[in-house]
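Reader: I am new to protein models and would like to learn how to read one step by step. Could we look at it together, beginning with the way helices are described relative to each other?

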Amino acid sequence: MNFKELRGKFRAKKVSAKEAVESSLEKIKDDKLNIFINNFEKQALSNAEYIDNNFDDFKDKPLSGVPIAHKDIFCTEGLPTTCGSKMLENFIAPYDATVVKNCFDAGSIMVAKTNMDEFAMGSSNETSYFGAVSNPWNHNLVPGGSSGGAAACVSANLTTISTGTDTGGSIRQPAALCGITGLKPTYGLVSRWGMIAFCSSMDQAGPFSKDAFGCAALLDAMASYDEKDSTSTKRDNINFEKSLSKDFGSLNIGVIKNIEKLGISEDVINAYETSKTVLTGLGHKLIEVDFSELSSGICSYYVIAPAECSSNLSRFDGVKYGYRSEGEKDIANLYMNTRSDGFGDEVKKRILIGTHVLSAGFYDAYYLQAQKVRRMIKVKFEDFFKHVDLIFMPTTLDQAFEKNRKSDDPNRMYKEDLLTIPANLAGLPAISFPNGFKNNLPIGGQLIGKYFGEDLLLNTTNKIQEVTDWHKMTP
Amino acid sequence: MAQNDTLIKGWQPVIGLEVHVQLMTNTKLFSPAKNQFGEDANTLVDLIDLGLPGVLPVLNEGAMKQGIKFGLATNAKIAETMIFDRKNYFYPDLPKGYQITQLHYPIVRDGVVEVNGKKIRIHQAHLEEDAGKSIHDKYDDKSVIDLNRSGVPLLEIVSEPDIRSASEAVDYLKKIHQIITYLDISDGNMSQGSMRCDANVSIMKPEDKEFGVRAEIKNINSFKFVEKAINFEIRRQIKILEANEAVEQETRLYDSIKDETRSMRTKEFANDYRYFPCPDLVPTNISKEFIESVRKDMDELPEEKQQRFMSIYNLNEYDAGVICADKKIANFFEEVVKDADIQLAAKWIIGELNALLNKHDISLDESKIDATNFSELIQKITDNTISGKIAKEVLEEIWATGTKVSEVIDSKGMQQISDEGELENIIETILNENNNQVNAYRSGKDKLFGFFVGQVMKATQGKANPGLVNELLKKKLS
């Protein structure tokens, strides 16, 4: 049952919220893929009962009666929030993230929190302190990251919707590798309050579902102006679900010129070419755009993101909450040993890089330069969008890869985000959806839209999904 | 370097001050927690002040308005766009591991204040959040942290190195204190830490083109200590340079008990704060309209008040200046003269009251004197209930106890004796007891008149109405 069917049955009183939650929890208990860090049977059942008892209040809400899994980066009041780290293994947040609250108000029931790369730093979900997640299509492969658990959860049909966050591709890349649909909204559409920060200027929460419909409904719930987040933007009358049925007519869609030069695998390129014919079949016009300058984005990203991360993660010092190295004699050793033991290698590596690029004498050469590249990329996108309504490209260079394979080669791993990072640098919305299969493994395609153009992204993806069935495949 | 009277042993001190002022806002700079002093530890702490994972700062517009007021009062430029930066360092009372401050785009730039007729430039004033407080002396075996102060808004006012002596530094600091208290943006209480001062001190020869190497003295918390710390530092640097050694660029602490500055860290061990723009806060645009709305909301400044006092109360420039130096005293004066004689009140405030405040080194609101009581004191002088001399005693008493003036006078029988009959009796007794002097006076020794007045005052413990005593004595002795 997909999201739309499940919600329909709740609304028709054919499946109660409690029954939906029980069914989800049963599957979660049998999970062999290490998708979850914690599940909350008691709270989930009592919340489901609450929604059933107040059926009339919830029946028209976007997520009425549907179980949901939240990425363990969102704070949940009274329940553990680990961010995939030993540092927060026993941390109980005293408040709810705005996303968590919005999803509850929209009628969904949180059943579990999903595994993720530690502090959202990784592209394979292997940096999690709680172990790697397996790809539902092939258990020897990674699901992508950092929202690996969230993507695998929907892919394996344990819930029909889940939340993720995307700083450099952390929603779109695992969506592509797990064969589902995932959207990174425009920076500022979804509140960051209560979402543990990695790179504040790029972090953005977004929805996962099998299809554009589920993503639209979940985004309707997630998006809100939040005065607690100064980077949040006021948007009036958004209804993404409704916009799915709108007719935007024939679009100009930018496609990548000389795509073979980007180091993308043949299978991914083949899927891309097939999707282009689907787009023309839908009446859209394809216009080639030169993407080559955007590939410098990856260098900019790997300066800015570690820089912000080094500062954002300073608060984890063993003094106030979270892991503390015990028996230390002075404050310097408390800091050193708490952070040495509490953080994993990938996180420590990025903190060191970030500290370095912000240091006196290096700031201009790295951080300032990276900001210039970032601005250039924004300008480049603005140029593109003078001529096109959307840009279409593959989500990833290749399909899901084997566990442990790339972990030893950071450059190769970082390159994983080559095609997703530009949208984060520019703050643009982008959606990944399944657009092909090879060797029984999914491939993802990506549409990038204009600022706050989520309605067009979802509408176009929905139209594609009306005429294709890659999103209906199950592992 | 025109003013050579600031030279010490031929050396020219060069001083710049960084003044941290705690702003009096309802809530903290980036959180909804209350901004208050003196509450129980860790009771004024929000999720944001704790630096919990996932929390975000939201700028308090009230603090921004107060920063703009200071800028307007010092003829400074108000930023069209101000940007907050993160200053990164680890300390247990800094929960986020960084302080949000303003480095390159402060709210206020290029201001100026006039101190004793000399212009001292203000390089910038920027908004930043205060840290919490580490308490090391409460328990033997551990240090504890109070986060009530964490996130309290500060305005850091950075002067140019325009100051040339320790006393000028104190005058500048007093001027800043006067401005912020007049604007009502801070209580300026140095002993509670709502105004703190770092001093950058170097020395040079008057003919030198470049400033000497400077030392920064941190966290000086009284006017007196500012003067002492700077003077100590000047002497220390002179000693070093006259021994042909080099002054090291470093941060020093002033020890008020030993009256000396001590090295805290040298440049080599200086923190690298890794400043960068805080991504959680968007650049804030400040429109001209907004600035004008703040200007309309501004309280009277010292010079304006002084002018008004001169025209409304007919005070001379000096008296008006002294009274308006402290806003609390100026307001006090206005309360007092609602019922009391203006010139007499001014005389007593400038003379006796100021003397007491200076002697005890406290501010008016810390004293037991209130305007109604003080006004009564002046009225009692005017209506001849007490003499000026007795009034001083009454003032001492209300200063010490806060008792009402009328009660002091009653309980101590301090009323002036103006009863003619009573005074006549006293005078007659005295004249009878001093026949020799009476005869001498009558035979031309005029100077003895003072002797008789003294005897009457002695007999009445100074309470006799002096005018009446003179009149009666002259009559009796003629």
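Author: Let us begin with the angle classes: angles under 35 degrees count as roughly parallel, over 145 as roughly antiparallel, 65 to 115 as roughly perpendicular, and the rest as oblique. Please keep in mind throughout that this is a predicted model.

Reader: At roughly what angle do the axes of helix H8 and helix H9 of chain B cross?

Author: Helix H8 (residues 342–360) of chain B and helix H9 (residues 371–382) of chain B have axes that come within 10 Å and cross at roughly 120°. H8(B) and H9(B) are therefore oblique to each other, and their crossing is right-handed.

Reader: Which residues in H8(B) and H9(B) meet there?

Author: On the H8(B) side we find B:Leu344, B:Ala345 and B:Trp348, and these meet B:Ile378, B:Ile381 and B:Thr382 of H9(B). Sorted by class, the residues of this contact between H8(B) and H9(B) comprise five nonpolar, one polar and no charged.

Reader: How should I read the pair of helix H12 and helix H15 of chain B, whose axes come within 10 Å?

Author: The reading goes step by step in this case too, and we start with the angle: helix H12 (residues 420–433) of chain B and helix H15 (residues 466–477) of chain B cross at roughly 50°. That value makes H12(B) oblique to H15(B), and the crossing of H12(B) and H15(B) is right-handed. In H12(B), the residues B:Glu420, B:Leu423, B:Glu424, B:Ile427 and B:Leu431 meet B:Leu468, B:Val469, B:Leu472, B:Leu473 and B:Lys476 in H15(B). The residues of that contact divide into seven nonpolar, no polar and three charged.

Reader: In which sense do strand E7 and E8(A) pair, parallel or antiparallel?

Author: Strand E7 (residues 252–256) of chain A pairs with E8(A) in the parallel sense, over five bridges. To see one bridge in detail, look at A:Ile253, whose bridge partner in E8(A) is A:Leu286.

Reader: How many helices and strands are in chain A, and how many has chain B?

Author: Chain A contains 17 helices and eleven strands, while chain B has 15 helices and 16 strands. The radius of gyration of chain B is 29 Å, well over the 23 Å that the globule rule gives for 478 residues, so chain B is more spread out than a compact globule. For chain A, with 475 residues, a compact globule would have a radius near 23 Å, and the value of 21 Å agrees with that. Along the principal axes, the C-alpha trace of chain A spans about 70 × 55 × 45 Å, and the C-alpha atoms of chain B fill a box of roughly 95 × 55 × 55 Å.

Reader: How many residues of each chain are in contact with the other chain?

Author: In this model, 23 residues of chain B are in contact with 32 residues of chain A. The side of chain B that touches chain A has 14 nonpolar, four polar and five charged residues.

Technical notes: Residues are numbered from 1 along each chain as its sequence is written. Chains are lettered from A and ligands numbered from 1 in the order in which they are written. This is a predicted model: local features need pLDDT of at least 70, side-chain atom pairs count only at pLDDT 80 or more; totals for chains, interfaces and linings use all residues. Two strands pair if DSSP finds at least two bridges between them. Helices (H or I, at least four residues) and strands (E, at least two) are DSSP runs, numbered from the N terminus. Two residues are in contact if their C-beta atoms, placed from the backbone, lie within 7 Å. Ala, Val, Leu, Ile, Met, Phe, Trp, Tyr, Cys and Pro count as nonpolar, Asp, Glu, Lys and Arg as charged, and the others, Gly among them, as polar. Axes are lines fitted to C-alpha atoms, for helices over the stretch in contact, and angles run from 0 to 180 degrees between N-to-C directions. A crossing is left-handed if the near helix is turned anticlockwise from the far one by less than a right angle, and right-handed if clockwise. The radius of gyration is taken over C-alpha atoms; the globule rule is 2.2 Å times the number of residues to the power 0.38.
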